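I opened my notebook today to look through one protein model, step by step. Come along and keep the picture beside you.

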Amino acid sequence: MAGRPLKMPGHRPISRLEDRERPFSGAPRQSTPQRDPRLGPLARCLSRGRHGGARVGGVVPPARAAADAVAAREACQRRLQRVAQAHAMATQSWPEVRRELIDTLLHMRVLSLDVVETIEHWRKNGREGAVWPDPHTGDNYLLKMKDDTRWLADSPLGEILRFSSKSDPFFVVPSTGDAPQQPSNQMTPTLQAQRQQLHTAGGNGEQRRAVLPLQNSLLRRIRSAELCILQESVQARMQQQDGMFSVSPGADDGFMPGVVLTPPVPSVSAAAAAAASYNQQRHSPPRVPAPVALSPQPPATAVSSTPPSAAQSLQPVVEDGASAALRVPPKPSPPQPMQRETDAFAMFPVAATRSDIGEIFERFTARVDAKIAKSMETWASLQEALEDEGIGAPEWFWLMRRDGQDPAATLPSPESADGLAVFRLKKMSTTFGQLLHISVVDSAWVEDALEAVKARMFAWLPIKSIRATIWYNNATGEMQLNKDFEACFKKARFRWFQLCNSKGVRGQVMNCNRAEPPDPVTPPELFGIEVCLGQVWLRGCRASGGNLTTTRRSGTCAWNLVLASACLRHLWDRDAAAIAAAKENSAEARELALARDAAKEGLVRGLLSGDLEKLLSQYVPVRLQAEHERQQAMSAGGGGSSSSSSSGSSTKLAVSLAKALEAGAKRCRAVPGVLLDAAADAGDLVRRSVSSGGGYADGVVGLGLEGLPASLEALAPQEAVLGRLFVTLDWLGVTQLGGGAFEVLVHAAGACNRHPSPVFYVATSEDDTFVVIIPWVGAEVPAEEALFAACTEVLRTTQPMTTPPYQALRFDAPFDVRYAARTFEIPDSATQLELPAAPLPGDTNTGTVHLAEFSSLVVGPGRATPGRLCGNGVATTAAFAVQRPFAVCLFHTDIDDLNAPLSATLVS
């Protein structure tokens, strides 16, 4: 009986020794043999994690606690991979795999929370802004956590639980039900229902048998950890840097070095040189009226050396002429890669539609060896992949052997082609290319075909690796792997990656990493929609001697009111913190403390003497402070969203949105894609935002920001807040037409009784983000300053249509709308923006807030996909030709309670 597990009610004994020693197995630790240290520490309690009652830190040094949490999570992830492998190889029954999977996910959820919390605690101990490196790659571990579980959606484990193909490090999607909260916008239920239908049509449609439990005690921790990872992701996306990290030694405990971002700050001359280089590289004239040469700063915001005269006093900005003067040329498009002439095969797109590709596929595979054809994806899998109409749509290419002749001399067809290749782009935890099918009519050509297809994929796709699955088949009479076919992949630098199992058939996934050289250079990643906005809010502006020396331009508010509301909320928080600090040191606070102590002492005496009820009867009830403040706000007429939208005032709408954000702060809600920074040096804020390579810095190239830091420093502000919004998306369904035109599928449509044209909603690669097209033909076009409020009013009053009048939207060409930086002042800010009227220390112009704003919108079909089948879109007769002027808005369901777009841009 020694060594046998005890039988307990409701307990499943684990007989294998390695399972007993696995983390969170529940079995007692054995004295011999010793526990494998690679498995990480044991969890004491599911709800408390590894450290018992002290989840973060405790007596353990912060760096040691973070390292232990990371090691435990890595061990649990290896356990999760073993579960997936056991299910793929069918070595365990489905109930056993399901039980083990749920146990592992629950454990990994708690360990992931421990990682985020311990890293945050480590940062608070003198490591602000530091990055905790991944022990294997050295990358930011919080960013790794964001994506290192996305592979579960495409793994065989997806048959047991419903995993999200997006970022879900805490496995919230497998635990959620179908009970969404009541939305604020009328179109939100329709958009969510349509999106659910797309997921059901694209998947197998079967109901999941298991649901992952989610403890209520973990909800607040999960939300805080998700917000931390989101902020880390936005920061990294805006400051994508290569080779700009410096390692600083540990200062507190000497255990783990921290990686601190130290971007270099270029000089103004270097920035001007970059802008000049940009102007020389643009290849096409702008699609706007006569272009205006870029200057470091528009004339209206230039710094003068003399005080302003009476004629230079406040003058309203005429937005019609100013917006045209601020327009800048479009960004240059990168050239398309060329096909290598040294490859043994030339590749030509398959001219077919989704309806007839099945017959073409069967006609060609009839000429191919059955051992090769059955080793790749079946027609059923290819047909399922055809349902994807977004960036991951499969591309089909004929392979024509050169043999010293011109391959274009023969028209490719199922009877004349020498090979066929099908591949697609996959965005999971990493971006890779998936080779779905490759076959040739002669088995001796497999290696040459692989080299040609691999070169094409690496040259056209922004991927890190290529993966292909070789399936076991019975072409020889028994289920086995085609070893000759596998050897050809190995000669092409493909290596074993993992095993998979689909519908009872085992497959072997092969992976080939990009190596430069001999592989082509990674092409730039092109998106269908790129929105890049920036606002710099300045308070307490003063020059030497206390007088402003700036040509003064006035404005009511920013153009993008959601970004403005986020900046306003930050200013309000700063003021609230200053007021709270002042109250703590005031005489009133000291009197309240004495009164509280006296009341406490009296209550204690009454309780001990038994006269508590008599003592309480002597107290007189007074109005609570919270109730008093609430009644004061109601009597003052604090506006809601309805009053703000009806008035049409951009300033009131911005204040209303900021109040809504402040109310949602208790739920740890943040505006998607927005990053806020504050500092006293406004110029340094802007320099840091544009100095990093890639991401946000690439989006603002050409907007004239090289002269903005000097202009802001001349204003000498006491406080500056920089708000940045950076969003890149791909269309969910897009068809590239001739001459640069393209069509996008309409997801839903609505009608507004205040607008003559229907409002179109277009789905994107993100489930919670939609592009809204509002045609303004036949209606009064608002100015840029009033556009956001006008679009908000349209969206709030739009009712969903049962059937969209058009199935697609057709654009004649890609378009850019880019505005250079403009600086103006908002007078009487204490009244309009509800900022304190009391002057800041040393401020002589507190009633005025200065604002600098710039924006860029780039819309196109996205990455070129010449191999996509014809007919992936809709018939051209069912498309609505979008004519200028029209508005392009982004609607995000995460800020549905704001009932406002994330951005709004007029295309005229």
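Here are my entries, starting with the model as a whole and ending with single residues.

**Entry 1: what I am looking at**

I am reading a predicted model, where local features need pLDDT of at least 70, side-chain atom pairs count only at pLDDT 80 or more, and totals for chains, interfaces and linings use all residues. Residues are numbered from 1 along each chain as its sequence is written, and side-chain values use heavy atoms, with hydrogens and water left out.

I looked up the confidence, given as pLDDT (the predictor's confidence in each residue, from 0 to 100). The mean for the protein chain is 75, and 72% of its residues reach 70 or more. Where is confidence lowest, and where highest? Strand β3 (residues 258-261) is lowest with a mean of 34, and strand β8 (residues 465-471) is highest at 94.

I also marked two stretches where pLDDT stays under 50. Residues 44-58 are one, with 33 contacts beyond four places in sequence; a contact means heavy atoms within 4.5 Å. Residues 872-876 are another, with 14 such contacts.

**Entry 2: the chain in numbers**

I found 24 helices and 25 strands in the protein chain. Helices (H or I, at least four residues) and strands (E, at least two) are DSSP runs, numbered from the N terminus. Of the 908 residues, 48% count as buried. Buried means under 20% relative accessible area, exposed means over 50%, and partly exposed is in between (1.4 Å probe, protein chains only). Among contacts between residues at least 6 apart in sequence, 77% join residues at least 24 apart.

**Entry 3: the cores**

Next I looked up the nonpolar cores, which are sets of buried Ala, Val, Leu, Ile, Met, Phe, Trp, Tyr and Cys residues joined through side-chain atoms within 4.5 Å. The largest has 85 residues, and Trp537, Ile774 and Leu809 touch the most other members. Helix α14 (residues 561-584) gives this core its largest share, 9 residues. A second, separate core has 52 residues, including Met347 and Phe458.

**Entry 4: a sheet of 6 strands**

I traced an open sheet in the order β19-β16-β17-β18-β24-β25, with antiparallel pairing. Two strands pair if DSSP finds at least two bridges between them. Why is one side of β19 (798-800) and of β25 (903-907) left without a neighbour in the sheet? Both stand at the edges with a single partner strand each, so one side of each has no neighbour there. Neighbouring strands are turned by 25 degrees against each other on average, direction ignored.

Strand β24 (residues 886-892) pairs with β25 over 5 bridges in the antiparallel sense. Valine 888 has threonine 905 in β25 as its bridge partner. Helix α23 (residues 784-796) lies across β16, β17, β18, β19, β24 and β25, and runs at about 115 degrees to β25. Axes here are lines fitted to C-alpha atoms, for helices over the stretch in contact, and angles run from 0 to 180 degrees between N-to-C directions.

Strand β20 (residues 808-811) runs parallel to β23, joined by 3 bridges, and alanine 808 stands opposite alanine 879.

Then I followed β10 (residues 505-513), which runs antiparallel to β8 with 7 bridges. Strand β9 (residues 495-502) also joins β10 by 7 bridges, again antiparallel. Which residue in β10 is the bridge partner of isoleucine 470? The partner is glutamine 508, and leucine 499 stands opposite glutamine 508 too. β9 and β10 form a hairpin with 2 residues between them.

Most residues other than glycine have a negative phi, and most peptide bonds are trans. I listed some exceptions:

- Lysine 503, in the hairpin turn, has a positive phi of about 55 degrees.
- Arginine 493 has phi near 75 degrees, lies in the loop between α13 and β9, and counts as partly exposed at 28% relative accessibility.
- Asparagine 899 has a positive phi of about 55 degrees, sits in the loop between β24 and β25, and counts as buried at 13%.
- The peptide bond from arginine 884 to proline 885 is cis, with omega near 5 degrees; proline 885 is in the loop between β23 and β24.
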